[in-house]
Every structure is written in C-alpha cells, then in structure tokens.
Amino acid sequence: MDKQRENLTAADKKSEEIIEDKRVVQIADPSKNSVAGKDTELAASQVGYQDLFDNMPNGCVYYKVLLDEAEDPVDLVYIKVNSAYGRNIGRSLSELIGKRVTAVFQELTGEGFPCMAAYLNVALFGEPVNFTQYFDQQDKWYSISAYSPQPGYVVEISEDITEQKKAEGERREREKQVALIERVASLGALAAGVAHEINQPLQALKIMADSMIYWYDKGKETSIEKVIESCRKISVQAGYITCIVEWMQDSVNKAWSDAPEEVDVKKMIQRVLILVQERLRAHGIQLRENSCDNSLMVWGDSRRLEEIVIIILVNAIDSFVCVDQGAREIRITTSCVEDRAVIEISNNGPAIPDDIIGKIFEPFFSSSKSGTKLGMGLAIVKSVVNAHNGTIQVFSSNQQVTFRIEFPLYRQSV
C-alpha cells in the first residue's frame with residue numbers, strides 16, 4: 001500500500017509539472033492563443049456568412065468578368081450563387097457555377113443576358129446601379145442592385161417584385177375606374193349647368209325673333225336699323241351658345257387625357273366666366289374680380305381646373321335662388337402666397353349650417369331639398385384639387401361663404 005501511494009504521488013507530481021510547463025509556454029508566447037482564437041472566430045464568421053448567403057430570400061450572385069484577347073470585358077462567369085437565385089431562374093447551383101452567363105440565358109430564353117451591359121459598366125467604373133427588370137420567359141419582375149467589391153468582379157442582389165408590380169397595376173386600374181366614375185359624374189353635373197347656360201341665350205333669341213315676327217304679322221313696318229340691331233343681339237347670344245358648346249366638346253374630348261400642362265390661372269378663370277355670365281345676369285348677381293398682377297402658373301389639367309371653378313360658381317349662384325336678397329354678389333380673388341397660387345370664391349348668400357359644413361365634400365351628400373342633385377359636385381372638386389396637390393377650405397359666416405383653393409406654383413426650370 002505504501003508503495004502504491006508513492007507511485008500515485010509521483011504521478012500527480014508529474015501531471016502538475018506538465019500542466020505547469022504548458023502554463024509557462026502560454027505565458028511565454030501569448031500570441032499563439034490570440035491567433036488560435038482569431039482563427040476560430042474567423043471560421044465561425046465565415047460559416048455564419050455562408051449560411052446567410054445560402055439562405056437569404058433574395059437571389060445573390062458573385063460574378064467574375066471575362067475578358068477577350070484585347071482585355072475588353074465581354075461576358076460574366078458564375079463564381080458563387082445562392083439557392084434563391086437558382087430557384088428564380090429554375091437552375092441548380094451545379095448547372096451555374098463556372099458557366100458563362102450568356103450561355104445560361106441563351107438556354108433559358110433564346111436570347112442574351114439583358115443586364116450584361118449594366119454589369120460590365122459596374123465592373124469597369126465601380127459605380128453601383130439599382131434598376132427593375134422584366135424577364136419575358138419567367139413573366140417576372142425583379143428589383144436588382146449590382147456593385148463591384150473589387151476590380152473584375154460584380155455582385156448582384158435580385159428581389160422578386162412580381163406581386164408588388166401586379167398590385168401596383170391593380171391599384172392603377174382601380175384609380176382609372178374611380179377617375180371614370182368621377183368624370184362621368186362631373187360631366188353629368190356640368191351638363192345640367194350647361195343646359196341652363198344655353199337656355200338663357202336661347203330664350204333671348206326666341207324673344208327677339210318672336211318680336212320681329214309679331215310686328216311683321218301685324219303689318220307694322222320695322223326700320224332697317226332696328227332689324228340690324230336685333231340681328232346684332234342675336235349674333236351675340238348665338239356667340240354665347242357657340243362658346244359653351246365648344247367648351248363642352250373640348251371637355252368631353254379631353255375626358256381621357258392624362259397629360260398635364262402649364263395652366264395660367266387667371267386666363268382659366270376668364271374662360272369660365274364667359275360660360276356663366278348669362279346665368280349671373282339672369283339672377284341679378286354682381287360679379288367682382290380682384291386679381292394679382294403676377295402671373296399665376298400651375299401644372300395640371302386645364303379642363304378639370306375649369307370644372308371645379310364652374311361647380312363652385314354654380315353652387316354660389318344657386319344659393320341665392322330661395323333667398324330674398326337685394327344685393328347679390330360673387331367675388332373671385334386670385335393671389336400668390338409664398339409658392340402657392342390662391343383662388344378664393346366668395347358670395348354674400350346664406351351661410352352653410354354648422355351641422356353640414358363638414359359633410360359638403362362627401363360623395364352623394366346634397367343639401368338640396370328638391371332631390372334633383374346627386375351631391376357629387378363638391379366631392380369631385382375635392383378629388384380634382386387633391387389630384388393637383390392642392391388644398392381646399394370652406395369658411396362660412398352670416399354674411400359670406402368663401403371657398404379657398406391653393407395649388408403649388410409651377411416654375412419652369414431654366
């Protein structure tokens with residue numbers, strides 16, 4: 001037993017000496033520990049990045065630029081490819097690594113690689129690019145980013161945005177349908193107003209014509225001067241009708257036009273006033289204008305801008321119908337406030353009740369008791385103003401109702 005204890009004691013001492021020797025070596029050369037630790041961290045990092053590369057949802061490719069004998073870039077070669085990219089184009093990784101890109105896409109589509117020029121340009125100049133690309137054979141859209149991590153190499157990251165593109169297309173289609181509904185409703189609202197505007201000069205024409213016929217039937221001689229005077233009046237009234245009909249025809253013809261243009265606000269308002277002057281006169285309404293001296297230019301659809309002014313003016317005129325009021329006045333003011341063109345249309349008719357003023361821009365809301373109005377006029381105004389990046393407000397008091405519309409000024413770049 002004593003002999004065994006001595007042997008164990010000797011063995012323990014030997015182990016302690018070995019451990020101590022290792023400690024001495026570690027203390028003497030700590031860099032070996034540091035290098036070993038860094039190697040381990042680097043290996044773990046590489047594994048992590050490889051795992052991220054392999055499992056990322058977007059396609060990722062590492063290309064090498066292939067040069068011809070003149071050292072000009074002519075093609076790309078697949079160096080590294082992740083699984084998402086392989087799935088996107090329907091090829092396994094083994095079918096891509098080491099292959100020329102043009103050869104792969106020739107097999108896929110029968111054509112070359114559509115992004116080749118962009119990628120070679122990235123490799124040559126080092127400037128990253130971002131773009132969208134549609135591939136016919138796949139019927140897919142991709143959002144693509146490419147950059148050069150080092151000369152002669154290109155990295156591509158591609159995201160399948162087909163569903164996003166489809167959603168955008170559906171949204172545009174819905175917007176077109178809404179615009180169609182608004183346009184039809186707008187033309188319907190305007191048609192009623194136009195019918196009234198045409199009716200005024202037509203009645204005047206009929207009265208003058210009937211008067212001349214009456215005196216002729218009575219055998220009364222009429223001087224040539226009176227006939228010429230009546231003809232002049234008839235010509236003026238016919239001119240009103242022609243102007244209104246031409247405006248309506250242009251409005252219908254441009255109903256599907258989405259092309260904006262530079263619009264002079266003051267000239268646009270002048271065109272509108274020609275259309276409503278007979279209605280203003282028939283209702284005994286005094287129109288007052290106050291325009292700023294500066295030219296007010298906005299960017300948009302001139303016909304749609306005219307429509308919203310007409311709708312507001314017609315509403316202002318109609319507000320006087322059931323009111324026993326001596327002085328009837330509508331005032332139109334244009335001004336420039338900072339970088340905004342401002343149109344204010346005011347009337348001294350009845351106030352808008354507090355319980356409905358917040359609803360007047362809602363579709364199909366109408367305060368008319370007759371039930372003949374659809375309640376789409378001011379809803380259309382609001383929609384058109386929004387489409388032109390503008391704002392509209394309404395202010396009401398016992399003596400005045402004011403619609404204030406603002407649009408961004410258009411300044412043509414030099």
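The legends below describe close-up views of a predicted model, beginning with the whole chain and moving on to single elements and residues. Because the model is predicted, local features need pLDDT of at least 70 and side-chain atom pairs count only at pLDDT 80 or more, whereas totals for chains, interfaces and linings use all residues. Residues are numbered from 1 along each chain as its sequence is written, and side-chain values use heavy atoms, with hydrogens and water left out.

**View 1. The whole chain.**
The chain contains eleven helices and twelve strands, where helices (H or I, at least four residues) and strands (E, at least two) are DSSP runs numbered from the N terminus. Of its 414 residues, 33% are buried; buried means under 20% relative accessible area, exposed over 50%, and partly exposed in between, with a 1.4 Å probe and protein chains only. The accessible surface of the chain comes to about 25,400 Å², and carbon and sulfur atoms account for 53% of that area, as computed by the Shrake-Rupley method with a 1.4 Å probe, with only the protein chains shown counting as cover for residues. Among contacts between residues at least 6 apart in sequence, 62% join residues at least 24 apart, a contact being heavy atoms within 4.5 Å.

**View 2**
Strands β1 (residues 59-67) and β2 (residues 73-81) run antiparallel and are joined by seven bridges; two strands count as paired if DSSP finds at least two bridges between them. Within this pairing, V65 has L76 of β2 as its bridge partner. Five residues lie between the two strands of the hairpin, and E71, which is found in this loop, has a phi near 65 degrees, a positive value in a residue other than glycine. Most residues other than glycine have a negative phi. With a relative accessibility of 55%, E71 counts as exposed.

In helix α5 (residues 116-125), the buried residues are M116, Y119, L120, V122 and A123. Seen down the helix axis, these buried residues fall within an arc of 155 degrees, so they line one face of α5; the arc is that of the directions from the helix axis to the C-beta atoms. The face turned away from the buried side carries the exposed residues A117, L124 and F125. The packing partners of the buried residues of α5 are β1, β2, α4 (101-109), β3 (129-135), β4 (140-147) and β5 (153-160). Just after the helix, G126 takes a positive phi of about 75 degrees.

**View 2. The surroundings of S143.**
S143 is found in strand β4 and is partly exposed, with a relative accessible area of 27%. Leaving aside neighbours within four places in sequence, S143 is in contact with F131, T132, I157, S158, E159 and I161. Between S143 and N130, which are 13 residues apart in sequence, the C-alpha to C-alpha separation is 7.4 Å.

The structure holds 13 salt bridges, each defined as a side-chain nitrogen of Lys or Arg within 4 Å of a carboxyl oxygen of Asp or Glu. One of them joins the side chains of R271 and E306, at 2.6 Å from N to O. R271 lies in helix α8 (residues 265-282) and E306 in helix α9 (residues 302-318), so the pair ties together parts that are 35 residues apart in sequence. R271 is partly exposed at 35% relative accessible area, whereas E306 is buried at 1%. R304 also forms a salt bridge, with E307, in which the closest N and O atoms are 3.9 Å apart. Both R304 and E307 are buried, and, being three residues apart in helix α9, they are separated by about one helical turn.

The side chains of R331 and E329 meet in a salt bridge of 3.2 Å, N to O. R331 is partly exposed at 34% relative accessibility, and E329 is partly exposed at 24%.

A search of the whole structure finds zero disulfides, a disulfide being a pair of cysteine sulfur atoms within 2.5 Å. C231 counts as partly exposed at 40% relative accessibility, and C336 counts as partly exposed at 32%. N389 is found in the loop between α11 (377-387) and β11 (391-396), where its phi is near 60 degrees, a positive value in a residue other than glycine. At 57% relative accessibility, N389 counts as exposed.
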